[in-house]
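Keep the viewer open as you read.

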Amino acid sequence: MNSDYLKQKRILLVDDEQELLDMVVSILQKDGFQNIKTAKTAAKAIAISETYQPEFAILDVMLPDDTGFNLIKRLKSTFDYPVLFLTARGEDDDKFRGFGLGADDYMVKPFLPKELLFRINAILRRSYKDENPLVKLPGCEIDFDRAEVIKNGKHISLTAKEHNILAALYRNAGRIVTIDALCEAAWGDNPFGYENSLMAHIRRIREKIEANPSSPVALITIKGLGYKLMVEGK
Amino acid sequence: MKSVLKLIRRFVGIMLLSSALLIILNFILLFLYTVSQLPNSQPWQTAQEVADNLFQNDNGYVLPEDITIELKKNDTWAIFIDNATMRVVWRTDNLPETVPMSYSISDIAHLTRGYIDGYPTFTGEAENGLVVLGYPKDSFWKHMWPSWDYSLIANLPKTFLSVLVINIALIFIIYIIANSRLLKSVKPIVGGIQSLPTEETIHIKEKGLLSELAQSINKTSEILHSQRKQLRKKETARANWIAGVSHDIRTPLSMVMGYASQLESDNGLSEDDRKKAAVIVKQSRRMRNLINDLNLASKLEYNMQPINPARQNLVAVVRQVVVDFINMDIDDKHPIAWETDEALTVCLADIDKDLIKRAVSNLIQNCMNHNEQGCHIFVRVTTGENNCLITVDDDGAGATDEQIERLNHSPHYMLCDENTSMQRHGLGLLIVKQIAAAHGGTTGIGHSSYGGFSVKLALPMEE
């Protein structure tokens with residue numbers, strides 16, 4: 001699946017340290033993001049938000065003229081775009097407050113560029129759907145909007161649970177998703193004792209997406225731990 | 001207040017016991033005294049003996065010599081009053097002159113009950129008259145009206161018991177009233193002493209019998225409170241200082257880490273320069289871990305870290321940590337094997353999920369840090385009798401018996417106020433121990449069956 005359209009998103013970056021702003025801009029630019037504006041104060045962030053119409057914001061909590069918590073409140077009252085907090089404040093209370101105010105993620109400094117990019121891409125993918133909704137797997141395509149698998153020109157419907165399991169795997173494409181996280185995606189919080197049901201669903205999904213379900217190449221089992229979805233181009 | 005009740009019970013018990021013992025003792029003494037006074041019937045017997053032995057011959061009435069001697073020895077006189085004439089027809093030589101020689105019936109009645117001219121008299125019945133013995137004045141006291149209402153005698157046991165009960169009740173009431181003030185003073189003192197080990201400040205009213213004691217307790221409480229406050233203040237200041245330093249260092253470290261990471265993957269740089277950048281990334285990651293560990297360790301130590309326990313499946317929690325490590329793909333020198341039995345899918349425990357994840361991460365990270373050349377890491381969850389066991393093993397360099405002994409039993413330098421040079425080792429294991437302890441669990445460090453290091457966390461299983 002092509003994620004180039006995400007690189008076109010307008011990003012607002014707010015931090016009081018110019019050197020940190022420069023570094024994050026360079027990380028983002030290196031990953032292909034083109035449209036980035038920075039602000040060192042909350043006031044400037046509001047001004048940019050009104051004129052630039054960002055589609056994603058990275059906010060620090062401690063700003064010279066206000067807190068990032070107040071800033072997100074003001075931004076969210078007018079605009080509705082995803083926000084990631086990138087801050088040195090790592091207390092649980094701060095995290096809970098950030099999430100409570102509508103942040104999509106909360107990252108504590110110091111951070112590895114790779115981790116920051118992974119989180120930004122995950123938020124953008126969740127928030128902005130591709131105009132082309134087809135996800136390409138080895139041997140088939142998935143249309144999540146229509147809950148269908150297109151294999152050899154045939155459209156095969158996915159059940160709600162199969163859709164949820166595949167969506168959880170797709171959100172972490174190329175990475176292992178634990179058995180428990182998949183059960184949670186299908187059956188809700190704290191699901192105990194659904195492992196066998198999950199295996200049955202995985203088997204049925206494989207029948208739909210794999211060319212040869214007995215030797216899967218798209219939906220891989222990681223013994224004892226979970227499953228991994230291999231998506232082309234990722 | 002159990003101790004005050006116990007004290008009252010003991011006081012009352014002692015008082016009742018001593019009262020009962022006193023009464024019993026009195027009865028015994030009364031009995032012994034009464035028994036010793038039984039010979040007081042002797043004058044009556046003597047009088048009867050005289051009457052029985054007084055005989056009449058031609059010369060008149062005669063008393064045998066031995067009885068006469070006996071009477072004289074006791075300074076006792078005797079007369080015999082004839083029934084027919086009511087006159088004295090025989091007498092002993094020592095008869096006082098004031099004793100009348102003739103008697104009316106009323107005189108007889110009077111002398112039988114009482115005295116003749118102050119001499120206590122006792123009578124003995126003879127064939128034709130009455131023998132009267134007179135003892136020296138003040139030698140006997142005679143009960144002249146020996147009669148009681150019949151009901152009094154009939155109800156005597158009941159009356160006696162009632163009086164006894166009333167007496168005991170009265171003693172008890174007097175005792176309680178007399179001691180109530182003391183007990184009233186003792187009660188807050190006992191309460192105060194019992195509350196001293198708690199965190200709250202105590203203030204007892206400084207009046208009553210034990211006001212000085214109350215003053216001392218109040219003063220002790222104030223000192224303890226102030227010491228606790230000072231200690232808390234110091235601990236908070238220390239934890240805040242650590243939190244502040246770690247906060248301030250995060251932003252500069254972000255830049256070191258971020259730029260070094262960029263340089264590491266910059267193909268325009270020479271291989272040598274990229275290696276140097278990789279070292280900076282690696283070391284800055286160590287610094288980040290150290291900051292995080294230091295902050296958490298100090299908060300756990302000073303009880304400033306909130307623990308939010310909830311019912312969780314430990315298998316799922318540990319599995320997520322392992323998967324996170326594999327997904328991070330930090331390097332391929334430390335492959336992690338998941339060894340939990342497939343049949344064990346759920347092991348419920350009341351835990352703070354984030355803290356347990358942190359503990360397991362620390363254990364895996366430890367294996368990596370101490371085996372830079374690479375090693376296999378083995379993670380498994382098993383169940384014990386009443387607990388869930390998380391074991392992280394490696395087949396790396398391991399540790400000597402002495403090192404393991406020290407890790408298991410020596411205090412960490414953060415917790416030790418002396419000899420700090422001997423205990424310096426990483427904070428990772430300290431945090432693991434603190435997290436396990438905060439969950440009521442234990443940490444066991446030892447040799448792994450794979451040849452390296454092994455740490456086992458035992459956490460109480462939820463019923």
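## The sheet of chain A and its helix

Four strands of chain A form an open sheet in the order S6-S7-S8-S9, with antiparallel pairing. Strand S6 (134–137) and S9 of chain A are the edge strands, each with a single partner strand, so one side of each has no neighbour in the sheet. From one strand to the next, the twist averages 25°. H9(A) packs on this sheet and touches S6, strand S7 (140–143), S8 and S9 of chain A, in a direction that makes about 40° with that of S8(A).

Some ground rules before going on. This is a predicted model, in which local features need pLDDT of at least 70 and side-chain atom pairs count only at pLDDT 80 or more, while totals for chains, interfaces and linings use all residues. Residues are numbered from 1 along each chain as its sequence is written, while chains are lettered from A and ligands numbered from 1 in the order in which they are written.

Helices (H or I, at least four residues) and strands (E, at least two) are DSSP runs, numbered from the N terminus. Two strands pair if DSSP finds at least two bridges between them. Two residues are in contact if their C-beta atoms, placed from the backbone, lie within 7 Å. Axes are lines fitted to C-alpha atoms, for helices over the stretch in contact, and angles run from 0 to 180 degrees between N-to-C directions.

Within the sheet, strand S8 (residues 148–151) and strand S9 (residues 154–157) of chain A pair in the antiparallel sense over four bridges. A:Lys151 has A:Lys154 in S9(A) opposite it. Two residues lie between the strands of this hairpin, and A:Asn152 takes a positive phi near 50° there.

| Helix pair | Axis approach | Crossing angle |
|---|---|---|
| H7 (residues 160–171) and H9 (residues 195–209) of chain A | within 10 Å | roughly 85° |
| H6 (residues 156–195) and H7 (residues 211–264) of chain B | within 10 Å | roughly 20° |

(Angles of 65 to 115 degrees count as roughly perpendicular, under 35 as roughly parallel, over 145 as roughly antiparallel and the rest as oblique.) A:Lys161, A:Glu162, A:Ile165 and A:Leu166 of H7(A) meet A:His201, A:Arg204 and A:Ile205 of H9(A). By class, this contact has three nonpolar, one polar and three charged residues. Here Ala, Val, Leu, Ile, Met, Phe, Trp, Tyr, Cys and Pro count as nonpolar, Asp, Glu, Lys and Arg as charged, and the others, Gly among them, as polar.

In chain B, the axes of H6(B) and H7(B) cross at roughly 20°. That makes H6(B) roughly parallel to H7(B). The contact joins B:Pro188, B:Ile189, B:Gly192 and B:Ile193 of H6(B) to B:Leu213, B:Ala214 and B:Ile217 of H7(B). This contact has six nonpolar, one polar and no charged residues.

## The sheet of chain B

Chain B has an open sheet of five strands in the order S4-S3-S7-S6-S5, with antiparallel pairing. At its edges stand strand S4 (88–91) and strand S5 (115–116) of chain B, each with a single partner strand, so one side of each is left without a neighbour in the sheet. Strand S6 (residues 119–125) and strand S7 (residues 129–134) of chain B run antiparallel and are joined by five bridges. B:Thr121 faces B:Gly134 in S7(B). Helix H2 (residues 42–53) of chain B lies across strand S3 (77–82), S6 and S7 of chain B, at about 50° to S6(B).

Is B:Ala84 buried or exposed? B:Ala84 counts as exposed because it has 8 C-beta neighbours inside 10 Å. (Buried takes 20 or more other C-beta atoms within 10 Å of a residue's own, exposed 12 or fewer, and partly exposed lies in between, with C-beta atoms placed from the backbone.) B:Ala84 sits in the loop between S3 and S4 of chain B.

## Where the chains meet

In total, 25 residues of chain A are in contact with 27 residues of chain B. On the chain A side, H2(A) gives the most, with six residues. That side divides into 11 nonpolar, five polar and nine charged residues.
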